[in-house]
Amino acid sequence: MRRSEVLPIAFVVPMQGPTGIYGPSCHACGQLAVEQLNARNGIAGRPVELVHVDAGRSPEVVAEDVGRLVDAGRVEAVAGWHISAVRVALTRRIGGRVVYAFAAMHEGGDDTPGVFMLGERPVNQLLPAAHWLREHHGARRWVVVGNDYVYPRVTGSVAQEALQDGGSEIVHAEYVPLGTSDFRQVIDGLGATGADGVIMLLMGQDAVHFNRQVAAGGLSERLLRLSPAIEENTLLGAGPAANHGVYAAAAYFDKLTTVESSEFARDYYARFGPFAPALNAVGESCYEAIRFLARLGEVSGTIAMSAALPSGHFYDSPRGLLRLDGNLVDQDVYLAVADGLEFRIQEQIARTG
């Protein structure tokens, strides 16, 4: 196969650092997407090749690596899950030059040309989840504990404004560097806030450390924990004793039993076996990003910057029916509670518009 026949995509997912816990799932789901596409027509008639870039390093280093690939014409698009700080650095370096399918949950819009924001956002994820926990468990007073970068900061501010209108409030917010492992000072201060719960905007291994320390401090029974980022790997990392009282909101869970999610799980475990990396919202979002590029190529005949999908365009995925709203995606979102090392779906909290 000649190089000119291949469609190379920079696949930007973390393999080290606090978010490296998501990496194996991301790679497996990305590989599955490519194998399925290449068994048919690839993207716009071209077989797909993923060029792996480790997003677990500093945002500037990641952006420079991807930028060099784009400069040299070695990749024609970017896709993957990584934190918003990496996305911001990437758009500064390559914005408007190649299509960029950003898979992660995010804080809101990014009007950089060519950027598609495919993940959940506060309006259909965190806010309806907090409302549900107020109605069903009386959680009205919240503390935000998040990593100190753009997504937690902006999401925390959005929650502070929005929850006040719904009879809840943020009584305190604390932001710590990505890579924090000692939360004793943060946890010692939780009791004085009178909070009913914690909105956790902590990523990967940081969330593991926080949950373990909350449980060790005997606060699991008193403080609910709600997160838009905790998934099955995080539960495994923390262990069952640390997961009591943990809720997660996401568009995909391994135990989701819709027709579309069940078909995806069947294909995933048939390909990688029963000991595959945990199937979860972060990994599945990488599958989503690559399949989105395929949809773009199917409709436009290309994934060059000239490619477009009309706002309001519907398409199918393991998450069900998705709707493009400008460069954002409307999707069904679910709230689940941790049950040992698994999640139990409680309710659908948002629907595709």
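## Questions on a predicted model

Ala44 counts as partly exposed, with a relative accessibility of 38%. The structure discussed here is a predicted model.

User: Why does Ala44 count as partly exposed?

Analyst: A residue is buried under 20% relative accessible area and exposed over 50%, with partly exposed in between. Ala44 falls into the class in between because its relative accessibility is 38%.

User: What is the phi of Ala44, and in which loop does Ala44 lie?

Analyst: Most residues other than glycine have a negative phi. Ala44 is not a glycine, yet its phi is positive, at about 55°. The residue lies in the loop between helix H1 (23-38) and strand S2 (48-54).

User: At what angle do helix H2 and helix H3 pack, and which kinds of residue make the contact?

Analyst: Helix H2 (residues 59-71) and helix H3 (residues 84-94) have their axes 8 Å apart and pack at an angle of about 35°. H2 passes H3 in a right-handed crossing. Among the contact residues are Val62, Val66 and Val70 of H2, and Val86, Ala89 and Leu90 of H3. By kind, the contact residues are ten nonpolar, one polar and five charged.

User: Which strands stand at the edges of the open sheet of seven strands?

Analyst: The strand order is S7-S6-S8-S9-S10-S14-S15, and the pairing is mixed. From one strand to the next, the twist averages 25°. Each edge strand has a single partner strand, so one side of each lacks a neighbour in the sheet; these strands are S7 (169-176) and S15 (342-350).

User: How many bridges join strand S8 to strand S9, and which residue is the partner of Gly197?

Analyst: Strand S8 (residues 197-201) and strand S9 (residues 224-227) run parallel and are joined by three bridges. In S9, the partner of Gly197 is Leu224.

Terms used. Residues numbered from 1 in each chain as written. Predicted model: local features only at pLDDT ≥ 70, side-chain atom pairs only at ≥ 80, totals over all residues. Heavy atoms only, no water. Axes fitted to C-alpha atoms, helices over the stretch in contact; angles between N-to-C directions. Helix = DSSP H or I, 4+ residues; strand = E, 2+ residues; numbered from the N terminus. Left-handed = near helix turned anticlockwise from the far one by under 90°. Contact = heavy atoms within 4.5 Å. Nonpolar A, V, L, I, M, F, W, Y, C, P; charged D, E, K, R; others polar. Pairing = 2+ DSSP bridges. Buried < 20%, exposed > 50% of the residue type's maximum accessible area, 1.4 Å probe, protein only.
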